[in-house]
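Please look over the sequence and the structure first; the description follows.

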Amino acid sequence: MESNVLMKVENVNKIYEMGEVKVAAVKEIDLELYQGEFVVILGPSGSGKSTLLNILGGMDLPTQGKVFMEGQEITDYNDRKLTNYRREKIGFVFQFYNLMANLTARENVELATEICKNALNIDEVLEAIGLGERKEHFPAQMSGGEQQRVAIARAVAKNPALLLCDEPTGALDFETGIKILSLLKKINQDYNKTVVIITHNMPIGEMADRVIKMRSGEIIEVKVNDNPIHPEGIEW
Ligand SMILES: Nc1ncnc2c1ncn2[C@@H]1O[C@H](COP(=O)(O)OP(=O)(O)OP(=O)(O)O)[C@@H](O)[C@H]1O
């Protein structure tokens with residue numbers, strides 16, 4: 001395995017069986033994710049993006065195929081190892097921020113890092129993410145964009161190998177969405193974190209080092225952007 005390959009997906013298929021009906025959610029996926037790259041997985045609703053993200057994040061297992069993280073086969077892991085994998089290696093950011101309403105921003109981040117071995121300094125991460133002034137506030141006292149920042153701080157503070165973001169701007173207005181994308185780019189650069197965003201929003205692909213297009217469960221195109229644009233230049 002090449003030294004800069006972070007994850008490798010080999011011939012992955014996922015078939016959901018609902019009684020007599022079988023749905024092939026992803027089909028024959030081969031993919032490598034490189035250390036430090038910014039990847040956008042683009043595809044319409046139902047194209048298999050979430051299924052692939054769940055498999056990368058150790059939340060679901062493929063029906064067939066292998067997935068490796070840093071050379072270790074995660075598709076071989078038992079439940080305990082998979083739980084550790086999700087804890088230590090993956091930071092998740094979702095469309096809806098899923099913050100604990102009764103905890104402050106800082107406490108939300110702290111809760112997530114308590115079970116991690118290599119967590120970063122919480123206050124430094126909150127500062128870097130622009131929440132230094134708001135860290136004692138509760139989610140209900142924050143805008144959607146600020147809550148998403150807390151969710152990103154929570155994912156980054158775990159110091160994961162990979163940040164997986166599922167429609168991170170989906171619940172935000174355009175301007176706030178661009179700020180969140182700029183923040184994800186900054187984290188990618190400042191912390192040298194590999195970031196994967198899944199979205200149906202095509203212009204977001206312009207900021208990626210690589211764009212992976214999916215349709216009907218398959219990868220139909222992989223495009224390398226030699227000159228990814230800064231998120232501030234994206235419009236939709
Ligand atoms: N748990 C499940 N049981 C049965 N079918 C499923 C399940 N999860 C997903 N599917 C099906 O697999 C296919 C791919 O779904 P998936 O959610 O991965 O697509 P997606 O690109 O993420 O879509 P969206 O953008 O709407 O979230 C769809 O046909 C979907 O109906």
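## Opening question

Is α5 largely enclosed by the rest of the structure or largely exposed? Eleven of its 14 residues are buried, so α5 is largely enclosed by the rest of the structure. Here a residue is buried if 20 or more other C-beta atoms lie within 10 Å of its own, exposed if 12 or fewer, and partly exposed in between, with C-beta atoms placed from the backbone.

## Basis of the description

The structure is a predicted model, in which local features need pLDDT of at least 70 and side-chain atom pairs count only at pLDDT 80 or more, while totals for chains, interfaces and linings use all residues. Residues are numbered from 1 along each chain as its sequence is written.

## Overall form

The protein has six helices and ten strands. Helices (H or I, at least four residues) and strands (E, at least two) are DSSP runs, numbered from the N terminus. Along the principal axes, the C-alpha atoms fill a box of roughly 50 × 40 × 40 Å. The radius of gyration, taken over C-alpha atoms, is compared with a globule rule of 2.2 Å times the number of residues to the power 0.38. For 236 residues a compact globule would have a value near 18 Å, and the protein, with 17 Å, agrees with this.

Of the 236 residues, 39% count as buried. Two residues are in contact if their C-beta atoms, placed from the backbone, lie within 7 Å. Among contacts between residues at least 6 apart in sequence, 70% join residues at least 24 apart.

Helix α5 covers residues 144-157. The expected span of a helix is 1.5 Å times one less than its number of residues; for α5 this gives 20 Å, which agrees with the 20 Å between its end C-alpha atoms. Its buried residues include Q147, R149, I152 and A157. Among the elements that cover the buried residues of α5 are β6 (90-93), α3 (105-113) and α6 (174-190). Just after α5, N159 takes a positive phi of about 60°.

A nonpolar core is a set of buried Ala, Val, Leu, Ile, Met, Phe, Trp, Tyr and Cys residues joined through C-beta atoms within 7 Å. The largest such core has 61 residues, and I41, V109, I152, A153, L163, L164 and V196 have the most contacts inside it. The largest share of this core, seven residues, comes from α5. Leaving out residues up to four places away in sequence, I41 touches K49, L52, V196, I198, I212 and M214.

## Surroundings of the ligand

A residue is near a molecule if its C-beta atom, placed from the backbone, lies within 6 Å of it. Of the 13 residues around the ligand, Y16, A25, S45, S50 and T51 come nearest. The elements giving two or more residues to this shell are β1 (5-18), β2 (21-34) and α1 (49-56). The largest share, three residues, comes from α1.

## Exposed positions

N11 lies in strand β1, and its phi is near 45°, a positive value in a residue other than glycine. N11 is exposed, with 12 other C-beta atoms within 10 Å. N192, in the loop between α6 and β8 (194-199), has a positive phi of about 50° and counts as exposed with 9 C-beta neighbours inside 10 Å.

V222, in strand β10 (residues 218-224), also counts as exposed, with 12 C-beta neighbours inside 10 Å. Leaving aside neighbours within four places in sequence, V222 is in contact with R210 and I212. The C-alpha atoms of V222 and I212 are separated by 4.6 Å, although these residues are ten apart along the chain.
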